[in-house]
Amino acid sequence: MSKFLNKKYENLEVYTPGEQPQDMQYIKLNTNESPYPPSPGVIKAINRPEIENLRLYPDPECNVIKEKLAKLYDVKKENVYLSNGSDDILNFAFIAFTSGETTAIFPEITYGFYQVFADLNSAPYKKIPLKEDFSINYKDYCNAEGMVVIANPNAPTGISLSIDEITEILETNRDNIVLIDEAYVDFGGESCIPLIKKYDNLLVVQTFSKSRSMAGARLGFAIANEDIIKDLERIKYSTNPYNINRLTMKAAEAAIDENDYYMQKCSEIVSTREKTAFELKTLGFTVLPSLSNFLFVKSNEIDGETFYKELKSRGILIRHFTTETIKDFNRVTIGTKEQMEVFIKEVKEILKERGK
Ligand code: PMP
């Protein structure tokens, strides 16, 4: 830290991203990426002429992708906002809607960035414990006194709230922003995007990083009432108007055109998830009911950190968190069927070595 750093950032606890080894020698089940490549049209879209066009700035209004997303989700173009990864939207929401005064309310166990963005933007926050079964009690968020932020499905648990429960939260928070982070909704959950037509306090956030195999391209989007979108645009035009690069735009346009490819891959991931969950339960693991592309699991034989290290030494990366209440759990991203077979085989070996 230099002596020049603004004092208010001295104690900022930053977000720790999962390991990103650059040599690719691991089966990588640690950061919820898709194990499948982008669709064929995306690969064609990143071509020589587009690379030559990199000398030009991109369209700051992102008109083409907005139109395509609006059509896909049956909303208007004015209901869509695009950003460099959905993390950017979350940050912008904290900038725009908490302004250091409004409290942000989110679960105690959830995506770690919510707290970082609250701290970064000097927003007061309230963390609400999960129920004993690690699910969210939606009633805790009804009549909230501030901005509600919920990942649905939640991360790292994978557990979802129903649309009826979210509707109740929206209904009882007419004067508060309700941000629903749907990063993992395409893996069996139900999106609340249609509710934006009724609720002007709803901000839905999604990403191309998981179900659309484009974590490396950095593209997130928000869908909300026109005025909320204008608020996000206001922050964007005050920071970085060219926040989506040209290649990502081209890739995303092609990806939306080939939506069926991605939905097919999502259903493969869902069936691999169910198979993996069944096998882990048979091996004596606690497995939370997930509607995402990962499983949150706990061995009844090995502590979380040892399990993570054992798998790493066998070439498989999973995610371990040090937070006290979940330190015996690990989050396992669902890979291809073949990758998960290797994973299960290694888990069996680890258990066998311990005489289980
Ligand atoms: N929300 C949740 C719940 C996530 O797990 C992630 C991925 N780490 C994100 C948002 C951010 O994803 P991205 O910035 O890649 O769109």
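The questions and answers below look at a predicted model of a protein and ask what lies behind the words used to describe it.

Q: What makes the overall radius of gyration agree with that of a compact globule?
A: For 356 residues, a compact globule would have a radius of gyration near 21 Å, and the protein has 21 Å, so the two agree. The C-alpha atoms fill a box of roughly 60 × 50 × 50 Å along the principal axes, and within the protein 51% of the 356 residues count as buried. Of the contacts with a separation of 6 or more, 72% are between residues 24 or more positions apart.

Q: Why are S2 and S4 said to stand at the edges of the sheet?
A: The sheet is open and has seven strands in the order S2-S8-S7-S6-S5-S3-S4, with mixed pairing. Strand S2 (80–83) and strand S4 (125–128) each have a single partner strand, so one side of each is left without a neighbour in the sheet. From one strand to the next, the twist averages 20°.

Q: How do you know that S2 and S8 pair, and in which sense do they run?
A: Two strands pair if there are at least two bridges between them, and S2 and strand S8 (residues 220–224) are joined in the antiparallel sense over four bridges. Within this pair, Tyr81 stands opposite Ala222 in S8.

Q: What makes helix H4 a helix that packs on the sheet?
A: Helix H4 (residues 86–98) touches S2, strand S3 (104–107), strand S5 (147–151), strand S6 (178–181), strand S7 (202–207) and S8, and its direction makes about 160° with that of S7.

Q: How do you know that S5 and S6 pair, and in which sense do they run?
A: At least two bridges are needed for a pair, and four bridges join S5 to S6, with the two strands running parallel.

Q: Why is Asn30 called buried?
A: Buried means under 20% relative accessible area, and Asn30, at 1% relative accessibility, therefore counts as buried. Asn30 has its place in the loop between strand S1 (27–28) and helix H1 (40–45), and its side chain reaches the backbone oxygen of Glu19 at 2.8 Å. Leaving aside neighbours within four places in sequence, the contacts of Asn30 include Gly18, Leu317, Arg319 and Thr333.

Q: Why is Phe134 called buried while Ser122 is called partly exposed?
A: The cut-off for buried is under 20%, and partly exposed lies between that and over 50%. Phe134 is at 17% relative accessibility, so Phe134 counts as buried, whereas Ser122 has a relative accessible area of 40% and is therefore partly exposed. Phe134 lies in the loop between S4 and S5, and Ser122 lies in the loop between helix H5 (113–120) and S4. Each is a residue other than glycine with a positive phi, near 75° for Phe134 and near 50° for Ser122.

Terms used
Residues numbered from 1 in each chain as written. Predicted model: local features only at pLDDT ≥ 70, side-chain atom pairs only at ≥ 80, totals over all residues. Heavy atoms only, no water. Axes fitted to C-alpha atoms, helices over the stretch in contact; angles between N-to-C directions. Contact = heavy atoms within 4.5 Å. Buried < 20%, exposed > 50% of the residue type's maximum accessible area, 1.4 Å probe, protein only. Polar contact = N/O pair within 3.5 Å; in protein donor to acceptor, adjacent residues only side chain to side chain. Rg over C-alpha atoms; globule rule 2.2 N^0.38 Å.
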